[in-house]
Amino acid sequence: MRVGVQLPEVERVVRWPEMLAIAQTVEDAGFDSIWVGDHLLYRDESSERGPLDAWTQLAALAASTSRVTLGPLVAATAFHAPGIIARMSASIAEVSGGRFVLGIGAGWNEPEFRAFGFPYDHLASRFVESFEVVRRLLAAERVTLDGTYVSVADAVVLPPPAQRVPIMIGSKGSRVLEASLAHVDAWNAWYSWYGNSPEGFARERAKVDEICRRVGRDVATLKRSACVLVSLEGTSRQRRYECDPVSVRGLRDHLAALASAGVDEAILVLDPIDEGSVRTAGRMR
């Protein structure tokens with residue numbers, strides 16, 4: 001099983017020098033991948049928080065690491081025109097030497113849509129049109145589409161991608177999955193979707209497998225990725241827990257159970273997330 005780490009998002013304010021140090025620690029600790037959340041703003045009655053731009057970070061990480069796979073967890077199609085998503089993906093893949101995976105989804109966090117002026121209606125329908133453009137452009141096609149929400153006319157990514165860019169869908173919505181599963185390399189589940197347990201993941205996997213069969217996708221060819229909430233004992237919480245975290249002391253056994261449930265890659269969401277916690281998780285996995 002591959003194991004990656006999600007970098008800090010809005011648990012606390014993390015400036016670029018520390019972000020880079022954490023990322024390089026992930027690579028030095030032997031992890032396989034680094035993931036960056038694609039969000040603009042979290043806002044509720046008591047606070048508002050926002051991370052550094054995901055795409056800017058990924059471009060910088062592509063030039064600052066040498067081995068790990070990189071990707072957004074996951075890029076919201078709503079935040080950029082699909083042609084721009086395809087161009088950014090192809091460029092980061094080039095800079096990284098082919099280490100980029102395009103994690104993609106429809107988006108969900110209404111306050112950031114409203115704050116930055118992105119439509120929040122018909123998210124699945126908008127995704128379906130955007131996704132078609134993105135995947136076809138990354139396949140080096142010329143694309144013309146006159147859709148309800150997206151229009152492109154003879155669009156093409158130049159220079160063409162030097163090599164194929166893998167795509168991972170991050171969604172639990174049936175409409176989004178039906179539109180994407182025939183075309184993507186992997187499916188990702190956030191930890192709260194499956195209760196952060198191997199049994200919960202197996203149940204969600206069965207639902208995805210059924211959709212695969214419905215759209216004609218061989219389930220054996222789809223990679224499966226699971227985010228895992230991991231808590232380090234003796235530290236103060238930096239996240240809001242939506243379900244029980246895994247103790248870092250039990251991480252090795254938990255990852256083995258996830259592998260038995262069909263997980264090909266686990267992405268650790270560490271609490272807290274800093275250089276020390278990355279090193280600890282690296283020793284315990």
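Two strands pair if DSSP finds at least two bridges between them. Strands (E, at least two residues) and helices (H or I, at least four) are DSSP runs, numbered from the N terminus. With that in hand, welcome to a predicted model, in which local features need pLDDT of at least 70, side-chain atom pairs count only at pLDDT 80 or more, and totals for chains, interfaces and linings use all residues. Residues are numbered from 1 along each chain as its sequence is written, and side-chain values use heavy atoms, with hydrogens and water left out.

**Strands and their partners**

- Strands E8 (residues 143–146) and E9 (residues 151–155) run antiparallel and are joined by three bridges.
- Asp 146 has Ser 151 in E9 as its bridge partner.
- Four residues lie between E8 and E9, and the two strands form a hairpin.
- Strand E2 (residues 33–36) pairs with E5 in the parallel sense, over four bridges.
- In this pairing, Ser 33 stands opposite Thr 69 in E5.
- Strand E5 (residues 69–72) is covered on both faces: Thr 69 and Gly 71 on one side, and Leu 70 and Pro 72 on the other, are all buried. Here, buried means under 20% relative accessible area, exposed means over 50%, and partly exposed is in between (1.4 Å probe, protein chains only).

**A closer look at Arg 2**

- Arg 2 is found in strand E1 (residues 2–6), and its relative accessible area of 33% makes it partly exposed.
- Along the sequence, Arg 2 and Asp 32 are 30 residues apart, yet in space they are 5.9 Å apart, C-alpha to C-alpha.
- Not counting residues up to four places away in sequence, Arg 2 touches Asp 32, Ser 33, Thr 69, Asp 264, Glu 265 and Ala 266. Contact means heavy atoms within 4.5 Å.

**The nonpolar core**

- A nonpolar core is a set of buried Ala, Val, Leu, Ile, Met, Phe, Trp, Tyr and Cys residues joined through side-chain atoms within 4.5 Å.
- The largest one has 87 residues, and those with the most contacts inside it include Leu 102, Ile 169 and Trp 187. Helix H5 (residues 123–138) gives the most to this core, with six residues.
- Which residues does Ile 169 contact, leaving aside neighbours within four places in sequence? Among them are Ile 104, Phe 127, Leu 181 and Trp 187.

**Aromatic rings**

- Rings of Phe, Tyr and Trp (its six-membered ring) pair if their centres lie within 6.5 Å; planes under 30 degrees apart count as stacked, over 60 as edge-to-face and the rest as tilted.
- By this rule there are nine aromatic pairs. One of them, Trp 190 with Tyr 191, is tilted, at 4.7 Å centre to centre and 35 degrees between the planes.
- Trp 190 is buried at 18% relative accessible area, and Tyr 191 is buried at 0%.
- Phe 79, Phe 113, Phe 118 and Tyr 120 are linked into a cluster by ring pairs.
- The charged end of Arg 285 sits over the ring of Phe 31, 4.7 Å from the ring centre. The rule asks for NZ of Lys or CZ of Arg within 6 Å of the ring centre and within 35 degrees of the ring normal.

**Cysteines**

- A disulfide is a covalent bond between the sulfur atoms of two cysteines. To be counted here, the two sulfur atoms must be within 2.5 Å.
- How many disulfides does the structure hold? It holds zero.
- Cys 227 is in no disulfide, and the nearest cysteine sulfur, that of Cys 243, is 11 Å away.
- Cys 227 is buried, at 0% relative accessible area, and Cys 243 is buried too, at 15%.
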